[in-house]
There are 2 protein chains.
Amino acid sequence: MTDKVHFDRIAIIGAGLIGSSVARAVMRAGAAGTLVVSDRDEAVLSEAEKLGFAHEFTVNAREAAQDADLVVIAVPVGAMASVGVTIAPVLKAGAIVTDVGSVKEGVFKALEPLLPGNVHLIPGHPVAGTEQSGPSAGFASLFDGRWCIITPPQGVDEGALEKLTKLWEAMGSKVEIMTAQHHDLVLAITSHVPHLIAYNIVGTASDLEEVTRSEVIKYSAGGFRDFTRIAASDPTMWRDVFLNNKDAVLEMLGRFSEDLTALQRAIRWGDGDALFDLFTRTRDIRRRIIDAGQDEEAADFGRHHEE
Amino acid sequence: MTDKVHFDRIAIIGAGLIGSSVARAVMRAGAAGTLVVSDRDEAVLSEAEKLGFAHEFTVNAREAAQDADLVVIAVPVGAMASVGVTIAPVLKAGAIVTDVGSVKEGVFKALEPLLPGNVHLIPGHPVAGTEQSGPSAGFASLFDGRWCIITPPQGVDEGALEKLTKLWEAMGSKVEIMTAQHHDLVLAITSHVPHLIAYNIVGTASDLEEVTRSEVIKYSAGGFRDFTRIAASDPTMWRDVFLNNKDAVLEMLGRFSEDLTALQRAIRWGDGDALFDLFTRTRDIRRRIIDAGQDEEAADFGRHHEE
């Protein structure tokens, strides 16, 4: 096997669910001589400091990035540029700058013009998370067995790419390389549109006149409650995702709506075969996700049941 | 408190997820002198018999219903009428006939003309389940803490209604009484439309040309995999739900699509405030579902994570 990946100094900007999980996973892997975590929100930083998942903590992103060999920006996509402006002046020549955002083309376009030419900007996206937010919600095993997508620009420094890849592997991830554009299309269907329709149905349900909100809550075990979990995800992060991956989301949403209209028509005209065919096809995808280790087989997500 | 509920003979027609769970819960509650389970599928019946969750097993629904004080029909909504025809000739005067279907007005209309006038037809619907099917998937605690909606017809026999209510309570449920029509509207938004859009997005995702099915599966942890769980539910059961609750489903689907179009417009025009407002409102509904004991607080549905 290869040598253990090691950076003298890693800075993580943003101590939320993902940033704090990266910090814990870096510590678990022993991949940093010094790990410094920064968050501009003093309450968040002080919570992070109490949890103690890094060597150093600072509210000052510039101070954190100074002398870092690797900077991981873990803030909402819309805040990336502001972090870029802050840290650019102190970045070390040869440093790697990466991120964990759910949109990749927009992040690259926002950061690339801001950073000095002698650093390696290599965006990334660990496809993992929960509906919870903040430093207490993170945990070291969040990335275990999940995919991290790295979207290197053309002409990337191969050594820097390899080092970043090895770090994600050391944190438990499997790594895939693709273009930012393709990433954004893939995630639009596997993540962005699912979140949008979950938010949407929860909104629809809470605006009804004939069905009270209390009824929606009482009878949510029929399926609705699963959507509310997703629709409890961080509003700022998700607002930024939709604003920054507009084209791919609108494209996938168009297809979703077209298919839904066809289903609606099948219901209106009593076409049971069309419904049955789709409902049978979809079971196969579930099977393959479980076989691929991307979800648990346990019924009902393994929600606790006593026999 | 009241006397323990007891029936001399309970027959359950259908040994799938729900029927087999009712059987286990009846046994756990000690609510039947004799519990007989019937399923017309010999393989299912033999699996049920091996699991041993009743006193008697038979492929013959008529034989099961003979002399029963309570008959619980636990088959897909579209198969209710056929069961009604089969059991009607042997039903005992004063027997209670109920069901567990997800649609209530259609079930009543299908069964009512078939049954003799001297039995009490009182439809019901335990709002509980998992995505799995068959007798092995059931368990005794499925209904614990969940709501069971009973939809008695006008002029129902109060004694029969009370006895059925007490049985569901003895099986762990909380019971709510409402009209069949209102039930169908409530469930359209809390269960039927959520299932439809889950099936739909899984269908959309598997039909894409630009994103491979293998990519959809690999990166499903971004949200999509939660939809695949719901979209793995029994195809026959769900086809029948949509065919038999057409009006309410089309009404709720119309609202969902209208709201989704507004969200689509907000994305197209970069209206971040509209997105942020909705994404904040939806968190509150999640909170209230957890407070009401209808879902677990644990992140990610409590999927197993090592720290």
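Ile149(A) stands opposite Glu176(A) in E9(A). This is a predicted model, in which local features need pLDDT of at least 70 and side-chain atom pairs count only at pLDDT 80 or more, while totals for chains, interfaces and linings use all residues. Residues are numbered from 1 along each chain as its sequence is written, chains are lettered from A in the order written, and side-chain values use heavy atoms, without hydrogens and water.

**The sheet in chain A**
- Strands (DSSP runs of E, at least two residues) E7-E8-E9 form, in that order, an open sheet of 3 strands with mixed pairing.
- E7 (124–126) and E9 (174–177) of chain A are the edge strands with a single partner each, so one side of each has no neighbour in the sheet.
- E8 (residues 147–150) of chain A pairs with E9(A) in the parallel sense over 4 bridges (pairing takes at least two DSSP bridges).

**How the copies relate**

**Where helices meet**
- The axes of H7 (residues 180–206) of chain A and H12 (residues 272–291) of chain B come within 9 Å and cross at roughly 70°, which makes H7(A) roughly perpendicular to H12(B) (65 to 115 degrees).
- Residues in contact (heavy atoms within 4.5 Å) include Leu196(A) and Tyr199(A) in H7(A), and Leu278(B) and Phe279(B) in H12(B).

Methods: Axes are lines fitted to C-alpha atoms, for helices over the stretch in contact, and angles run from 0 to 180 degrees between N-to-C directions. Angles under 35 degrees count as roughly parallel, over 145 as roughly antiparallel, 65 to 115 as roughly perpendicular and the rest as oblique.
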